[in-house]
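Dear colleague,

I am handing over the structure we spoke about, and below it you will find some notes on what turned up. Please read them with the model open beside you.

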Amino acid sequence: MNARTYVNQILKKGNKNLRVAFLGGSLTKGELVKKEKCFVSLFEKKLPEVLGEEWETTILRYGESGTMSANGLFKVRDLVSKKPDLVFLDYAMNDTGDRYLWEATEGICYQLLEAGIGVVVLLFCNDQGLCTRGAMERVAAHYHFPVYDIGAKIIMRMKEGSLTWQEYGQDYVHPTVYGHELIADYLLQLFQTGDGEENSFEMRELPDDSAFEGAFRKSVVLDLSEKMKKAEPGDIIFDEEISFKMLLMEFWQDSVPNDASVLISLNGKKIASADAYASMAWGNPVCRYIGGDGMLEKYQLTVSLGKSAPPAGWDYSMFRFRFMVGK
């Protein structure tokens, strides 16, 4: 699947009005560089020059450091409400080989495509030329949208001798300012038109079958923040029978000392816990797999609070605790 051809098809339907979103981790956020030097900002600045002044362009930013596809799944509903024409998806640097992340990737892509939004998966690379590509490529192939491998382009230039990793990367993965400029230029190439290749591709209907188990092709968010606002240590927040194919939880952690915790049980068995404190946290969202194997089944889900009290002035709603329920 040719990414430039795909983007050109989206441009043809845009009526000179284009909304592009970037959903991903620290590369998309622009970790270690100033915001205006991030490739998303550079892309935003230069895109009108490529398309022409008659185009109205809007860039939507959904980059958050330390996040994976599972976190991205929680952002999809808000992202869809902004009605982008195209989403660049960047989680191949953070995702591991865990199955729930495969399912989350498919869930993100399916829900965007179902809403009529185009998707291009971005692949970057670390200093060894690696990223997690298998699940990304499988989902892209199944749903007929492109993977744009910028990491391969970087490695090719290194092999040719026209680029060194020290010029491109600040550490083992995050780009330098020059690295961000290269990424922006590669992205802008997708929006160049005029060679006629855009006429060779048509968007396809979504297939009925799934790339994996399809655990999150349909999903709902169960947000418990409001129920936790006036809760006390030891309280049971939720105790109901629910049906799901797969269940994830997301909550926020910080490095400020705090003994508050949340306990999660399925069918009376403790499965996981969420701690407000972690020494390496920075006020970031944490996402974890809770249960389910992809088949729709009923479970008794119980959420209770640990018995240790949080510090004064802190209430449990600050966990921002919620579940992603795969249907």
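**The second largest pocket**

Sorted by class, the residues that line the second largest pocket are 7 nonpolar, 3 polar and 2 charged. Please bear in mind throughout that this is a predicted model. The volume of this second largest pocket comes to about 170 Å³, and its lining includes Trp-252, Gln-253 and Asp-254, together with Trp-314, Met-318, Phe-319 and Arg-320, among others.

**Glu-250**

Arg-320, one of the residues lining that pocket, is also among the contacts of Glu-250, once the neighbours of Glu-250 within four places in sequence are left aside. Glu-250 itself belongs to strand S8, which covers residues 246–253, and it counts as buried because its relative accessible area is 1%, where the limit for buried is under 20%. Two polar contacts of its side chain are worth looking at in turn: one, of 2.8 Å, is made with the side chain of Arg-322, and another, of 3.0 Å, is made with the side chain of Asn-71. Beyond these partners, the contacts of Glu-250 include Phe-74, Pro-285, Val-286, Cys-287 and Phe-321.

**The cavity**

How many cavities of 30 Å³ or more are there? The count is 1, and the largest cavity has a volume of about 30 Å³. Its lining is made up of Asp-95, Thr-96, Leu-101, Trp-102, Thr-105, Thr-132, Ala-135 and Met-136, which divide by class into 4 nonpolar, 3 polar and 1 charged. Helix H5, spanning 99–114, and helix H6, spanning 134–143, each give at least two residues to this lining, and the largest share, 3 residues, is that of H5.

**Cysteines**

With best wishes

How values were computed. Residues are numbered from 1 along each chain as its sequence is written. This is a predicted model: local features need pLDDT of at least 70, side-chain atom pairs count only at pLDDT 80 or more; totals for chains, interfaces and linings use all residues. Side-chain values use heavy atoms; hydrogens and water are left out. Helices (H or I, at least four residues) and strands (E, at least two) are DSSP runs, numbered from the N terminus. Buried means under 20% relative accessible area, exposed over 50%, partly exposed in between (1.4 Å probe, protein chains only). A polar contact is a pair of N or O atoms within 3.5 Å; within protein, one must be able to donate a hydrogen and the other to accept it, and residues adjacent in sequence count only if both atoms are side-chain atoms. Contact means heavy atoms within 4.5 Å. On a 1 Å grid over the protein atoms alone, a cavity is a set of points where a 1.4 Å probe fits but cannot get out, and a pocket is an open set with protein on both sides within 12 Å along at least five of seven lines; lining residues have an atom within 4 Å of a point. Grid points are joined across faces, edges and corners, and a volume is the space filled by probe spheres set on the points. Ala, Val, Leu, Ile, Met, Phe, Trp, Tyr, Cys and Pro count as nonpolar, Asp, Glu, Lys and Arg as charged, and the others, Gly among them, as polar.
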